[in-house]
Amino acid sequence: MQKPFIVDSSLYDLDRPVANIEDIRKYNSQRYEMELLTGILYEAPDGQSCVGFRDTTENEFWVRGHMPGYPLMPGVVMCETAAQLASYFVGKRNFFDHAVMGFAGLEEVKFRGMVRPGDRFVVQCSLIKVRKLLITAAFMGIVNESVVCEGIIKGFPLPSEVKKIS
């Protein structure tokens, strides 16, 4: 039996993003092959959860080398996609005075399925706690209404010398 989603999928429409790549770039510094979010599908009115997605293609940097003949999104890329969603989430709410967020850790990560070229990889994130220099959030990755990964992600504000790209 699958555990419940972090955000009920009836709250968002997979075909109607609420934010696009340009909106994401206002809060996230990743570019080129490391820019892993395609759009944002949902932002909770209470500011506690967010849903984003990555539309995967045959042109992903991992397709050629991660299981030639049967390409699979690496688990670390799934986690990085969740980290970028959490970074967007934190940046938009300005929890750390416009700081760029860094990866602080992962806990309780489980991989339960595959992400393949052509899949829409939906990531849900929900705030657990915010401390002075650390944010903790639950995340869940979903393909076709099935959970493919889940865990806890932690992030911290990077030094002020690390600037966002406009």
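## Buried, exposed or in between

A residue is called buried when its relative accessible area is under 20%, exposed when that area is over 50%, and partly exposed in between. Lys92 has a relative accessibility of 38%, so Lys92 counts as partly exposed. The model described here is a predicted one.

Lys92 also takes part in a salt bridge. Its side chain meets that of Glu43, with 3.0 Å from N to O. This pair links distant parts of the chain: Glu43 sits in strand E1 (residues 39-43), Lys92 sits in helix H2, and 49 residues separate them.

## Other salt bridges

How many salt bridges does the structure hold? There are 10. One of them joins Glu22 and Arg25, whose closest N and O atoms are 2.7 Å apart. These two residues are 3 apart in helix H1 (residues 21-25), so about one helical turn separates them. Glu22 is partly exposed, with a relative accessible area of 46%. Arg25 is partly exposed too, at 25% relative accessibility.

Another salt bridge connects Arg54 with Glu60, and here the closest N and O atoms are 2.7 Å apart. Are Arg54 and Glu60 buried or exposed? Both are buried. Elsewhere, salt bridges that share partners join Lys3, Arg112 and Glu150 into one network.

Strand E5 covers residues 134-143. Of its 10 residues, 9 are buried, so the rest of the structure largely encloses this strand. E5 pairs with E4 in the antiparallel sense, over 9 bridges. A hairpin of 2 residues joins E4 to E5.

E5 also pairs with strand E6 (residues 146-157). This pairing is antiparallel and has 9 bridges. Ile142 has Val147, in E6, as its bridge partner. E5 and E6 form a hairpin with 2 residues between them. In that turn, Asn144 has a positive phi of about 50°.

## Cys125 in strand E4

Cys125 lies in strand E4. Its relative accessibility is 0%, so Cys125 counts as buried. Cys125 and Asp8 are 117 residues apart along the chain, and 12 Å separates their C-alpha atoms.

## The nonpolar cores

In soluble globular proteins, nonpolar side chains tend to be buried together. The largest nonpolar core in this model has 34 residues. Those with the most contacts inside this core are Ile40, Met73, Met78, Leu85, Val115, Phe121 and Val148. Which elements give two or more residues to this core? They are helix H2 (75-92), E4, E5 and E6. H2 gives the largest share, 10 residues. There is also a second, separate core of 12 residues. Val7, Val51, Ile142 and Val147 are included in this second core.

Not counting residues up to four places away in sequence, Phe121 touches residues including Gly52, Phe53, Arg54, Met73, Met78, Val115, Ile142 and Val148.

## Val77 in helix H2

Val77 lies in helix H2. Its relative accessible area is 7%, so Val77 is buried. Which residues does Val77 touch, not counting those up to four places away in sequence? They are Leu36, Phe61 and Trp62. Val77 and Met34 are 43 residues apart in sequence, and their C-alpha atoms are 9.1 Å apart in space.

Met67, Tyr70 and Met114 make a nonpolar surface patch of about 290 Å². Where is Met114 found? Met114 is in the loop between strand E3 (101-111) and strand E4 (120-131). With 42% relative accessibility, Met114 counts as partly exposed.

Notes
Residues numbered from 1 in each chain as written. Predicted model: local features only at pLDDT ≥ 70, side-chain atom pairs only at ≥ 80, totals over all residues. Heavy atoms only, no water. Patch = residues over 30% accessible without salt bridge, like charges linked within 9 Å, V, L, I, M, F, W, Y side chains within 5 Å. Areas by Shrake-Rupley, 256 points an atom, 1.4 Å probe, with all protein chains shown as cover. Salt bridge = Lys/Arg side-chain N within 4 Å of Asp/Glu carboxyl O. Helix = DSSP H or I, 4+ residues; strand = E, 2+ residues; numbered from the N terminus. Buried < 20%, exposed > 50% of the residue type's maximum accessible area, 1.4 Å probe, protein only. Pairing = 2+ DSSP bridges. Core = buried A, V, L, I, M, F, W, Y, C linked by side-chain atoms within 4.5 Å. Contact = heavy atoms within 4.5 Å.
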